[in-house]
Amino acid sequence: MAKNMHMSSSSLRRHLLAEGASYQKIKDESRREIATEMLCFSDASIAEVSERVGFADTSSFVRSFRAWTGVTPKAYRDHAKPMLRPRRS
């Protein structure tokens with residue numbers, strides 16, 4: 001990432017720290033955003049979502065997702081899907 005921005009990794013780290021961020025925080029936020037969208041708007045399995053967001057195994061993804069949201073990916077999907085369905089008159 002630093003190389004793409006034409007700076008050293010220590011410079012990038014300093015800039016992120018000055019903004020109150022870190023590479024890990026940015027990576028986790030991106031992973032969480034992609035995972036929640038996939039859980040809401042696709043029928044991909046939890047394992048497929050886990051792989052798509054870069055986890056080596058599903059159990060690590062489930063632990064991280066629970067830390068991010070307070071619920072498991074399945075519980076998140078089960079709660080979100082009914083809210084996204086169109087109302088019937």
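**Around Ala 44**

Student: What does Ala 44 touch, not counting residues up to four places away in sequence?

Tutor: Ala 44 touches Met 38, Val 49 and Arg 77 (contact means heavy atoms within 4.5 Å). This is a predicted model, in which local features need pLDDT of at least 70 and side-chain atom pairs count only at pLDDT 80 or more, while totals for chains, interfaces and linings use all residues. Residues are numbered from 1 along each chain as its sequence is written, and side-chain values use heavy atoms, with hydrogens and water left out.

Student: And which residues make up the largest nonpolar core?

Tutor: That core has nine residues, namely Ala 35, Met 38, Leu 39, Ala 44, Val 49, Val 53, Phe 55, Phe 61 and Phe 65 (buried Ala, Val, Leu, Ile, Met, Phe, Trp, Tyr and Cys joined through side-chain atoms within 4.5 Å).

Student: Which elements give two or more residues to it?

Tutor: They are α2 (23–41) and α4 (58–69), and α2 gives the most, with three residues. Helices here are DSSP runs of H or I, at least four residues, numbered from the N terminus.

Student: New topic: is Ser 50 buried or exposed?

Tutor: Ser 50, which is found in helix α3 (residues 46–52), counts as buried because its relative accessibility is 1% (buried is under 20%, exposed over 50%, partly exposed in between, with a 1.4 Å probe and protein chains only).
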